[in-house]
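Hello,

Here is the structure for you to look through. My notes on its pockets and its ligand follow below.

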Amino acid sequence: MQNPIIVALDVPTAEQALQLAEQLAPVVGAFKIGKELFTSAGPDIVRRIRATGGAVFLDLKFHDIPNTVARAVAAAVRLDVQMLTLHTSGGLAMMQAAEEAAQETASQSGRNAPLVLGVTVLTSLDSQALGEIGMEANVGHQVERLANLAVRAGLRGLVCSPLEVVGLRQFLPASMQLVTPGIRTGSEKADDQKRTLTPREAMDAGANWLVIGRPITAAENPRAAAERILASLP
Ligand code: C5P
């Protein structure tokens, strides 16, 4: 089994990110670089994290016209990232262009194509917020609609809340990779996460990858915390 732990490097500086990556690379599956770290440290942080031996999940949630997103995806492939995100609400053509750019650029560079992951509905949006932007106000229906569109576009994975995993598994092709944040072990505080599952519960529900930030990065001994989580998995 692959190591499903993706550590969210939600820190502002390259030094802090590298310090975490160096101690954690042997015991986790990948590192998530998000908007804060990428904007402050630049693309070089991807190369430096790759140099620790860790895989990189570039979580920039692209959402733009198809050509622009395709070019950004191609740039990410050249940086050698293994996973990246885009907003499925960017539409079918945008997702198709992204997947195609991932495949083509990877084959030109002699690499495996990264997993292009679709984000459906941000968990910060409730039904009122969805209605305000003119979307289907039923969050579950909107998630299902966008997830199906992602499958039609040829995406091979989705980011979803842990509580969506079971429902999505009922209609998605089994090969679809599901990546879920909102993981808490029960021994730490929930922070701002409202609806969480334990790592084991999320895997049992059908997740393939777990995005875990503070339960590892804010632990007194991050490596021991990651090892404990790994040992708890089926
Ligand atoms: O520290 P924590 O484990 O809560 O970090 C979770 C990570 O997953 C953060 O990078 C956060 O932005 C991301 N995320 C999330 N909930 C979502 C989508 C992404 O917590 N619905």
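Helices (H or I, at least four residues) and strands (E, at least two) are DSSP runs, numbered from the N terminus. By that numbering, α7 (139–153) and α8 (165–169) each give at least two residues to the lining of the second largest pocket. A pocket, found on a 1 Å grid over the protein atoms alone, is an open set of points where a 1.4 Å probe fits, with protein on both sides within 12 Å along at least five of seven lines; lining residues have an atom within 4 Å of a point.

This is a predicted model, in which local features need pLDDT of at least 70, side-chain atom pairs count only at pLDDT 80 or more, and totals for chains, interfaces and linings use all residues. Residues are numbered from 1 along each chain as its sequence is written, and side-chain values use heavy atoms, with hydrogens and water left out.

Second largest pocket

Its volume is about 210 Å³, where a volume is the space filled by probe spheres set on the points, which are joined across faces, edges and corners. The lining has 14 residues, and V139, G140, H141, V143 and E164 are the closest to the centre. α7 provides five residues, the largest share of this lining.

Largest pocket

The largest pocket holds about 930 Å³ of space. Its lining is made of 32 residues, with T123, S124, P181, G182 and Q193 nearest the centre. Two or more lining residues come from each of β3 (55–62), β8 (209–212) and α10 (214–217). The largest share is that of β3, with three residues. By class, 13 of the lining residues are nonpolar, nine polar and ten charged. Here Ala, Val, Leu, Ile, Met, Phe, Trp, Tyr, Cys and Pro count as nonpolar, Asp, Glu, Lys and Arg as charged, and the others, Gly among them, as polar.

Ligand

Where does the ligand sit? The ligand sits in the largest pocket, meaning that more than half of its atoms lie within 2 Å of the pocket's grid points.

Oxygen atoms of the ligand lie 2.7 Å from a polar side-chain atom of D10, 2.7 Å from a polar side-chain atom of R184, and 2.8 Å from a backbone N or O atom of G213.

Regards

Technical notes: Polar contact = N/O pair within 3.5 Å; in protein donor to acceptor, adjacent residues only side chain to side chain.
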